[in-house]
Amino acid sequence: MMTQNLYEKSVFKIKTALQSGSGFLFNDFPFIITNYHVVEDCHQVAVEDIHQNKFIAEVFYINTQTDIAFLKSENLKIYQSLIAKKTENPVQIKDRIQALGFPFGFPFSITEGIVSNSKLNIEGQNYIQTDAALNPGNSGGPLIDDQGQLVGMVTSKFRQ
């Protein structure tokens, strides 16, 4: 399993007037990636790193259909992501994964699980189903494999 200190600098708490969620950097992409539903109806959001350093980010791009948003801030120049995009061997059933984020707005945490379904299709959208413990606030955080490669983004928790 990866060590927490290696990846926590790539993950941020996203705060709006109504809620909090998570976001992350990966590769050399110059934006924080999060879910649209985390920043819905916002033009700017508060961002906090693991050391509780706070800064403002603009909601630069949204896609409501895929529930994704990109956040832009001049402060991102000081951060470097260690999360890499998975380029080989798509995630499969039984693969071990980790969800990184700020559940309930609490401090950074990692939950681990396995992939239950790697190709869950709901209304034309593909999802990865996992048994990792996910809670409100994890939305927008990265889902990574044991090599620290990005395999997805936490989007929702199914109930019932």
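Here is a short chat about aromatic pairs, pockets and one threonine in a predicted model.

Biologist: How many aromatic pairs are there, going by ring centres within 6.5 Å?

Modeller: Rings of Phe, Tyr and Trp pair when their centres lie within 6.5 Å. By this rule the count comes to twelve.

Biologist: Take Phe 31 and Phe 60: is that pair stacked, tilted or edge-to-face?

Modeller: The two ring centres are 4.8 Å apart, and the planes sit at 25 degrees. Planes under 30 degrees apart count as stacked. So the Phe 31 and Phe 60 pair is stacked.

Biologist: How many residues apart in sequence are the parts this pair ties together?

Modeller: Phe 31 is in the loop between β2 (20-24) and β3 (32-34), while Phe 60 belongs to strand β5 (residues 54-63). The pair therefore ties together parts whose separation in sequence is 29 residues.

Biologist: Which residues form one aromatic cluster with Phe 31 and Phe 60?

Modeller: Both of those rings belong to the cluster.

Biologist: On to pockets: which element gives the most residues to the lining of the largest pocket?

Modeller: That pocket holds about 970 Å³ of space. Of its 36 lining residues, the closest to the centre are Tyr 127, Ile 128, Val 151, Gly 152 and Met 153. Elements giving two or more residues to the lining are β9 (109-122), β10 (125-130) and β12 (149-153). The top contributor, with six residues, is β10.

Biologist: What about the second largest pocket: how many of its lining residues are charged?

Modeller: Its volume is about 220 Å³. Among the 14 residues that line it, Asp 28, Phe 29, Pro 30, Leu 76 and Tyr 79 are the closest to its centre. By class, the lining has six nonpolar residues and four polar ones, and the number of charged residues is four.

Biologist: Last one: which residue's backbone oxygen does the side chain of Thr 34 reach?

Modeller: Thr 34 sits in strand β3 and is buried, at 0% relative accessibility. Residues it touches include Ile 14, Ser 22, Gly 23, Asp 67 and Met 153. At 2.6 Å, the side chain of Thr 34 reaches the backbone oxygen of Ser 22.

Definitions and conventions. Residues are numbered from 1 along each chain as its sequence is written. This is a predicted model: local features need pLDDT of at least 70, side-chain atom pairs count only at pLDDT 80 or more; totals for chains, interfaces and linings use all residues. Side-chain values use heavy atoms; hydrogens and water are left out. Rings of Phe, Tyr and Trp (its six-membered ring) pair if their centres lie within 6.5 Å; planes under 30 degrees apart count as stacked, over 60 as edge-to-face and the rest as tilted. Helices (H or I, at least four residues) and strands (E, at least two) are DSSP runs, numbered from the N terminus. On a 1 Å grid over the protein atoms alone, a cavity is a set of points where a 1.4 Å probe fits but cannot get out, and a pocket is an open set with protein on both sides within 12 Å along at least five of seven lines; lining residues have an atom within 4 Å of a point. Grid points are joined across faces, edges and corners, and a volume is the space filled by probe spheres set on the points. Ala, Val, Leu, Ile, Met, Phe, Trp, Tyr, Cys and Pro count as nonpolar, Asp, Glu, Lys and Arg as charged, and the others, Gly among them, as polar. Buried means under 20% relative accessible area, exposed over 50%, partly exposed in between (1.4 Å probe, protein chains only). A polar contact is a pair of N or O atoms within 3.5 Å; within protein, one must be able to donate a hydrogen and the other to accept it, and residues adjacent in sequence count only if both atoms are side-chain atoms. Contact means heavy atoms within 4.5 Å. Lists of a residue's contacts leave out its neighbours within four places in sequence.
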